Amino acid sequence: MKFSIKNESPDKQRSACVVVGVFEPHKLTEAAEAMDKVTKGYISGILSHGDMEGKAGSTLLLHNVPHALCERVLLVGLGKESEFHDTGYHDAVRAAFKALHETGAADATLYLTEIPLKKRDTAWKISQTAIIALESIYRSDSLKSKPEEIKRHLRKVTLGMTSQAKPATSEAALQQGLAIAHGMNLTKDLGNLPPNICTPTYLAQQAMNLAKTYKFKATILEQKDMEKLGMGSLLAVARGSRQPAKLIVLEYRGHGKMEKPIVLVGKGVTFDTGGISLKPAAEMDEMKYDMCGAASVLGTLAAIAQMRLPINVVGIIPTTENMPGGNATKPGDIVTSMSGQTIEILNTDAEGRLILCDALTYAERYEPEVVIDIATLTGACVVALGHVASGLLSNNDELAQELLHASEQAADRAWHLPLWDDYQEQLKSNFADMANIGGRAGGTITAACFLSRFTRKYRWAHLDIAGTAWKSGKNKGATGRPVPLLTQFLIGRAAQEIKKVNKDVSKNPKR
Ligand code: BES
Ligand code: MN
Ligand code: ZN
């Protein structure tokens, strides 16, 4: 699908389909008004006949519209104008693409980005439209012997503008949206792969491929390397598996200077059986998604590399299976982490924190500006926040606020949970420095408390994406979250960098 932006009114379009919005009841948007005028009241006539109310998510396709230069007009219902918010915009764009795919139109010009939306500018609407457009054609059917044949005609999407939005800003917003969508697709593809294909070795290969495409520096640590580093906690999780564990490191240098990097650490458990503390059978297949944190790190790196963001980012991915077996870690085993702290493993199903803690210690060597880890860490997070928001915990309130801001901008929700010391005592062990579980109460928080003991040397935030990384049921599949949040955060950081550089130049104008 190709995208472009065009500054021209809807009545001038010779496109195969012009898409305009209608509020409930029967209220034309500016673009719809323009179409109505050129068609001599044809559109308002149809509305007054009761063929379209303008209900949110509804659509009406019109052919052979008199006096129109385009082949079709698609009316998209927006719901009540006073209730038109982010969700309304998303639903309208989604409905528009669904309807467009059901037509034979090879190109379409959309006039939805100009509809006024509280607290959102045109740039936001452009990037969201690009993301939804690519979402509408996403499929994961490469493993079906006869993939369902879906005829897609739509090749060219034009975002029509009539306002004064700056062309450069609009174009940048489009490129941002496309980069985020591209990163999300990579994240979804990896998440949706079956666990017999997407093993730690496979993830490492994919990381190498990405490194080649975008010129990242890639390092893969093997089990013997991790033994030398003393990663006893990570290796304890890998013991039950026939698949060798890996620690993947990718380095993106978009900033010329040796600026301190932002480090992203992603949980890469390619299948979580629970280990000896075996999980129940129901829906266990979904534990193939336990590497979605890792996949979101790769997706985010792909997105920022595509945008060539002037910023330094390191991705660290500890990856392993969590399996039972004759050699597997047992409840009660005590291991020594790379940090030197000892851990009593009371439940082998709390394995995410065990691999992350060593990766977080490893991150110290990059002298990071900040570290963010992303993990499908706790079922408790799904109980607390459902499938709407990711859990956010941090040892630095400013960093948490910055991430919440990015989350709001990217429409990729996150919710700040407390990381108070009061919770730390739940991790007390009689035999080691800490236990790897803290009981049922506040499970997401005690998991983050565990990680906080390995992140004392830098500013750190943790995203628990157990409820947001994939969907269950009929529409089972990875969501590509939180790539939008992470990418937006890095876009913000890059913008700060650019400002800093400009300030330095104006203060000290050397040539
Ligand atoms: N990968 C799971 C968390 C998970 C469970 C994500 C369900 C999404 C849906 C994690 O490794 C895990 O098993 N966590 C345990 C921790 C417990 C043993 C303290 C959990 O949440 O039950
Ligand atoms: Mn587990
Ligand atoms: Zn897990």
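## Rings and helices: worked exercises

Tyr214, Phe216 and Tyr252 form one aromatic cluster. Keep in mind as you work that this is a predicted model.

**Exercise 1.** Find out how many aromatic pairs the whole structure has, then classify the pair of phenylalanine 216 and tyrosine 252.

*Solution.* 
- Step 1: Searching the whole structure turns up seven aromatic pairs.
- Step 2: For phenylalanine 216 and tyrosine 252, the ring centres are 5.9 Å apart and the planes stand at 90 degrees, so we call this pair edge-to-face. The cut-off you need here is over 60 degrees.
- Step 3: Now place the two residues. Phenylalanine 216 is in the loop between α6 (200-214) and β8 (217-221), while tyrosine 252 belongs to strand β9 (residues 246-253). They are 36 residues apart, so to speak a link between distant parts of the chain.
- Step 4: Check burial, using the cut-off of under 20% relative accessible area. Phenylalanine 216 has 7% relative accessibility, so it is buried. Tyrosine 252 has 8%, so it is buried too.

**Exercise 2.** Work out which kind of pair tyrosine 289 and tryptophan 470 make, and where each one sits.

*Solution.* 
- Step 1: Their ring centres are 5.1 Å apart and their planes are at 15 degrees; because planes under 30 degrees apart count as stacked, this pair is stacked.
- Step 2: Tyrosine 289 is in the loop between β11 (268-272) and α9 (292-307), and tryptophan 470 is in strand β20 (residues 470-471).
- Step 3: Tyrosine 289, at 1% relative accessibility, is buried. Tryptophan 470 is buried as well, at 10%.

**Exercise 3.** Describe how α6 and α9 are arranged, and say which residues make the contact.

*Solution.* 
- Step 1: You describe two packed helices by the angle between their axes and the distance between the axes.
- Step 2: The axes of α6 and α9 come within 11 Å and cross at roughly 5 degrees. The two helices are therefore roughly parallel to each other.
- Step 3: On α6, the contact uses Leu203, Ala207, Leu210 and Tyr214; on α9, it uses Ala294, Leu298, Ala302, Ala305 and Gln306.
- Step 4: Sort those residues and you get eight nonpolar, one polar and no charged.

**Exercise 4.** Decide whether threonine 113 is buried or exposed, and name some of its contacts.

*Solution.* 
- Step 1: Threonine 113 is in the loop between β6 (107-110) and α4 (122-136).
- Step 2: Its relative accessibility is 2%, so threonine 113 is buried.
- Step 3: Skip the neighbours within four places in sequence, and its contacts include Tyr89, Lys125 and Met161.

How values were computed. Residues numbered from 1 in each chain as written. Chains lettered and ligands numbered in written order. Predicted model: local features only at pLDDT ≥ 70, side-chain atom pairs only at ≥ 80, totals over all residues. Heavy atoms only, no water. Phe/Tyr/Trp six-rings, centres within 6.5 Å; stacked < 30°, edge-to-face > 60°. Helix = DSSP H or I, 4+ residues; strand = E, 2+ residues; numbered from the N terminus. Buried < 20%, exposed > 50% of the residue type's maximum accessible area, 1.4 Å probe, protein only. Axes fitted to C-alpha atoms, helices over the stretch in contact; angles between N-to-C directions. Parallel < 35°, antiparallel > 145°, perpendicular 65-115°, else oblique. Contact = heavy atoms within 4.5 Å. Nonpolar A, V, L, I, M, F, W, Y, C, P; charged D, E, K, R; others polar.
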